Number of protein chains: 2
Amino acid sequence: MAGTSRDAARARTAQRILDAAREEFAAHGYKGATVRAIAEKAGVHPSLVMQHHGTKERLFASAARLPADDEQAAAEHVSDVLGARLDDLPPQTRALMRSMLTSPEAERAMRDHLDRRVLNLSASLEGDDAETRALLAVCGILGLTVARHFLKLEAFERISDDDLAAAASARFLTGKAGD
Amino acid sequence: MAGTSRDAARARTAQRILDAAREEFAAHGYKGATVRAIAEKAGVHPSLVMQHHGTKERLFASAARLPADDEQAAAEHVSDVLGARLDDLPPQTRALMRSMLTSPEAERAMRDHLDRRVLNLSASLEGDDAETRALLAVCGILGLTVARHFLKLEAFERISDDDLAAAASARFLTGKAGD
DNA sequence: GTCTATACGTGGATAGAC
DNA sequence: GTCTATCCACGTATAGAC
């Protein structure tokens, strides 16, 4: 009982550091984000970051973990995925995606995530080429996300979300859709 | 005359450094590649790298420049693009793509490149939604390239290049194609 | 117990020795 | 023309302040 407020304070500090880490990793990627900058944003000394989270790599693993992969991915419908990827991305997802090409850890997490997506989607499609079409859809959404949220291609400024979603659905989900 | 061999030797050294830089940038990205490792691979002292190419950023700009963007992109046909992205990537392209999410320099180069691609492609398509379809095609190829050559999704091991190219063409190039 | 100061090794970058 | 000496910022482990 007497230790509650002490532990709570420590937990709050750890959470502040985690939030700061998510923003920095999302903005600069794994290598680009510095422990010192994360500490400053959280208002603590750099050493405290290590004290709480062990190492920069473990901090990244905690900060960039995709939310509830197993249950969620299995239940998702294709239209949900298409819609979600056109909205703004949560910091966790941004952090993971921004580092997927430069951090082996992030690369593996992203590959596992997308492998599962392809399997789930191909199971909900029909025809001999179900897996090929599922792979194309997943890759298409990946490319759209990168181009829109990270590269910020100028064409996105001239095309409405509705037009884009409609065209993407028509192309990626021929015949049978997920909803 | 007397200075020719001296200059030639210096130029060869610069080229060796550039080749080593391309490999390192392609393998580890901008931040992950170190000047010291590039120097070692080229067989020279780290300071020589800076002497020749000024700064790590300028070295990256030289190493990751996409080949002959203006003339080539304008002349390319869609089928060429689709095919090329399914083959192995040259070190320059790999270096640029691997860093596009973590290096502002690479991000801008990639955005410019893809913006031009969208413009060129939409000009060769017909219909009101030409630009939307062009954007989808470019993003789809981008996603395929990332998923195949960097994330290495397992589905690619089970699907032949021909099947993939056929399905991609059918989906991305409806109606009128570029060739 | 919670946080801070300090020190070590490795990056990129510059100036100057050979 | 090539390499050494040096500087500052980074990640990280340690010891010490409150």
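1. A salt bridge here is a side-chain nitrogen of Lys or Arg within 4 Å of a carboxyl oxygen of Asp or Glu. By that rule, a search of the whole structure, over all chains, turns up 14 salt bridges. Please keep in mind that this is a predicted model.

2. How many of these salt bridges lie across the interface of chain B and chain A? The rule finds two there. In general, side chains of opposite charge can pair when their charged atoms come close. One bridge joins the side chains of B:R158 and A:E131, with N to O at 2.3 Å. Another is formed by A:R158 with B:E131, where the closest N and O atoms are 2.3 Å apart. A:R158 sits in the loop between α9 (130-150) and α10 (161-172) of chain A, while B:E131 belongs to helix α9 of chain B, so this pair joins two chains.

3. Now for the interface as a whole. Chain B brings 45 residues to the contact, and chain A brings 45 residues. The area buried between the two chains is about 4000 Å², and carbon and sulfur atoms give 70% of it. In chain B, the residues that lose the most area to chain A are B:L101, B:L151 and B:R171, which together make up 20% of what that side buries.

4. The interface has polar links as well: eight residue pairs are in polar contact across it, both partners being at pLDDT 80 or more. Which helices of chain B each supply at least two residues of the side that touches chain A? They are α1 (4-32), α7 (91-99), α8 (104-123), α9 (130-150) and α10 (161-172). With 13 residues, α9(B) gives the most to that side. By type, the residues of the side of chain B that touches chain A divide into 24 nonpolar, eight polar and 13 charged.

5. Within chain B, it is worth looking at how helix α4 (residues 56-64) packs with α7(B): the angle is about 130 degrees and the axes are 8 Å apart. These two helices are therefore oblique to each other. From α4(B), the contact uses B:F60, B:A63 and B:A64, and from α7(B) it uses B:Q92, B:A95, B:L96 and B:S99. Five of the residues in this contact are nonpolar, two are polar and none is charged.

6. Helix α7 (residues 91-99) of chain A packs with α9(A) at an angle of about 100 degrees, with the axes 12 Å apart. α7(A) and α9(A) are therefore roughly perpendicular to each other. The residues making the contact are A:R94, A:M97 and A:R98 on α7(A), together with A:L142, A:T145, A:V146 and A:F150 on α9(A). This contact of α7(A) with α9(A) divides into four nonpolar residues, one polar and two charged.

7. Finally, a backbone point to check by eye. Most residues other than glycine have a negative phi. Phi of A:K152, however, is near 55 degrees, a positive value in a residue other than glycine. Where is A:K152 placed? You will find A:K152 in the loop between α9 and α10 of chain A. In chain B, B:K152 also has a positive phi, near 55 degrees, and B:K152 lies in the loop between α9 and α10 of that chain.

Notes
Residues are numbered from 1 along each chain as its sequence is written. Chains are lettered from A and ligands numbered from 1 in the order in which they are written. Side-chain values use heavy atoms; hydrogens and water are left out. Contact means heavy atoms within 4.5 Å. Buried area is the accessible area (1.4 Å probe) that two parts lose on being put together, summed over both. A polar contact is a pair of N or O atoms within 3.5 Å; within protein, one must be able to donate a hydrogen and the other to accept it, and residues adjacent in sequence count only if both atoms are side-chain atoms. Helices (H or I, at least four residues) and strands (E, at least two) are DSSP runs, numbered from the N terminus. Ala, Val, Leu, Ile, Met, Phe, Trp, Tyr, Cys and Pro count as nonpolar, Asp, Glu, Lys and Arg as charged, and the others, Gly among them, as polar. Axes are lines fitted to C-alpha atoms, for helices over the stretch in contact, and angles run from 0 to 180 degrees between N-to-C directions. Angles under 35 degrees count as roughly parallel, over 145 as roughly antiparallel, 65 to 115 as roughly perpendicular and the rest as oblique.
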